[in-house]
Amino acid sequence: MPSRRHILTGAAVAAGAAALPATAAYAAPADLFPLGVASGDPLPDGVILWTRLLADGKLPNRRLDVEWQVADDERFRRIVRSGRVAARPELAHSVHVDVRGLQPGREYFYRFRALGRISPVGRTKTTARDTNRLRFGIVNCQDFQNGYWPAYWGLAAEDLDVVLHLGDYIYEYDPSSRFADRNHTTPQTPGLDQLVTLDDYRARHAQYKTDPALQAAHAAFPWIVTWDDHETENNYASLIDEIDDTGASHQDAQQFARQRAAAYQAYYEHMPIRADLRPGSADLRIFRRFDFGRLLRLNVLDTRQYRTDQPGGFPGDFGLATAGAANTAGTLTGVDQERWLLGGLDHSPARWNVIAQQVMMSPIQFPNPTGGVPPIIANLDQWDGYAPQRTRLLSHLAAARVANPVVLAGDIHSTWFSELLLNDQPVAVEFTATSVSSDFPIAFDVPLKALNPTLNPHVRYFDGSRRGYLRCVVNRSAWHTDVRTVETIDVRESPVTTTASYVVEAGTSRLVTA
């Protein structure tokens, strides 16, 4: 087992030894923290701490006091911050503590206590006000039913400052897995192949959070998360339902707003995120910005909540690239978020300026899987469906001379490293991370590898055959990205290896093999 897992397990045992008796009014179960603990949205002086109280039996339908502690050491001999917060039943007894008054660039340990029970211990880290090196992981797309998550054991053993999750944390589909212990929870209305109610989404998030590998990765580092589509529903756009939904699965805008409100609330309840939730609202702002000293500025986008519909009306949103090129009124971000992004880029003091978002920005031509006409198609759910906005953004990066722009993406369950071109000149690079477990059609792996030099010459690396994550190390002179992949997701644990490494020298926007 990874050494970091031993450290965290030992800390949890030490913490548990100090447990207090349960209150007489309610006999607390042995484990009130089966979903683990997490931290996120780190700042120089603070971080969000998260947990959710859950029991096999029903928790009391009332506010429960939860104590929290932050210490310099994993045995909590030097406690630096502590307090008490209410876990409310209307938020599924989830807890978000925005701890402040911490020191920048420091490692801390944290835990919770409720009803005489003590949580596992988590490790977190604040951002540095001045740093010359940043190490982080990039993950996304973790379909519980498609296999296990050995990539998360590998991630938990890395030496990182932070982890970025770019979406598809849960999947909404009905139970159907080749693994007996990986079937999804059953929603209130089976057969729709989607979740609808708040209870549906809560149960699915809780199921995903029970995975021990995911818990270990959350306990090891602070995370910065954003959603994509499957946290609500496949390929939705604003309040527009998935194009392929018919019959009982199809929802009008009013119905979909209720579903989205449930999805967004459950997401908030299960993520270590700094956000202003209004229960019952279909709106929740999660686009936000983080500065890692003057080394790196991270702009985290939401390309689902504010986007216009995918153009063309094609089944599955795969169709002619010309539909995306003609989509002059289309937007992935909405006007306000686009303005916010450009302002953050224009006034950035950072050496590297990062746009962390969900779908590939690189223009990609795919061979038609049917072999029919047209022979070449595009994924119009990606930026290819919103080509005028992409051109507008790339033109702004060039005209404003934004320092070392880097785009991060996920969604497509495969690894792509590309140069983003404007008038045949690179103005940014893009790293698209493969999935943790979600499937990429293996039949298209070899054809794409053969055709990319002709169809997509700006792509420097592609692999659709392996699952895993990206590991990035950034300093003032260069950005280094390793592709970290596992042999199989058919078992809970599988060795993690580096299958490719690329470097971007500062000032070049060009990818070269390391």
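At 6% relative accessibility, Gln 265 counts as buried (under 20% relative accessible area; exposed means over 50% and partly exposed in between, with a 1.4 Å probe and protein chains only). The structure is a predicted model, in which local features need pLDDT of at least 70 and side-chain atom pairs count only at pLDDT 80 or more, while totals for chains, interfaces and linings use all residues. Residues are numbered from 1 along each chain as its sequence is written, and side-chain values use heavy atoms, with hydrogens and water left out.

Gln 265 sits in helix 5; helices (H or I, at least four residues) and strands (E, at least two) are DSSP runs numbered from the N terminus. Beyond its neighbours within four places in sequence, Gln 265 is in contact (heavy atoms within 4.5 Å) with Glu 90, Leu 91, Leu 198, Arg 202, Leu 277, Pro 279 and Gly 280. Arg 202 is 63 residues from Gln 265 in sequence, and their C-alpha atoms are 8.8 Å apart.

This brings the helix pair into view. Two packed helices are described by the angle between their axes and the distance between the axes. Helix 3 (residues 198-209) packs with helix 5 (residues 253-269) at an angle of about 35°, and the axes are 8 Å apart; here, axes are lines fitted to C-alpha atoms over the stretch in contact, and angles run from 0 to 180 degrees between N-to-C directions. On the helix 3 side, Leu 198, Tyr 201, Arg 202 and His 205 take part, meeting Gln 259, Ala 262, Ala 263, Gln 265, Ala 266, Tyr 267 and Glu 269 of helix 5.

Helix 3 also holds Gln 207, which is buried at 14% relative accessibility. A polar atom of the Gln 207 side chain lies 2.7 Å from the backbone oxygen of Asn 183. Not counting residues up to four places away in sequence, Gln 207 touches Phe 144, Asn 183, His 184 and Thr 185.

Helix 9 (residues 445-455) has a buried side made up of Asp 445, Leu 448, Asn 452 and Leu 455. These residues lie on the same side of helix 9 because they cover an arc of only 90° around the axis, the arc being that of the directions from the helix axis to the C-beta atoms. They pack against strand 16 (366-367), strand 17 (376-379), strand 19 (415-422) and strand 21 (459-463). Turned away from that side are the exposed residues Val 446, Ala 450, Pro 453 and Thr 454.

Several loop residues are also worth a look. Asp 228, between strand 11 (222-225) and helix 5, is buried, with a relative accessible area of 1%. Its side chain is joined to that of Arg 304 by a polar contact of 2.8 Å (a pair of N or O atoms within 3.5 Å; within protein, one must be able to donate a hydrogen and the other to accept it, and residues adjacent in sequence count only if both atoms are side-chain atoms).

Most residues other than glycine have a negative phi, and most peptide bonds are trans. Cys 141, however, has a positive phi near 60° and is buried at 1% relative accessibility. For Asp 424, phi is near 65°, and the residue is exposed, with a relative accessible area of 65%. Finally, a cis peptide bond with omega of about 0° joins Val 373 and Pro 374, and Pro 374 is found in the loop between strand 16 and strand 17.
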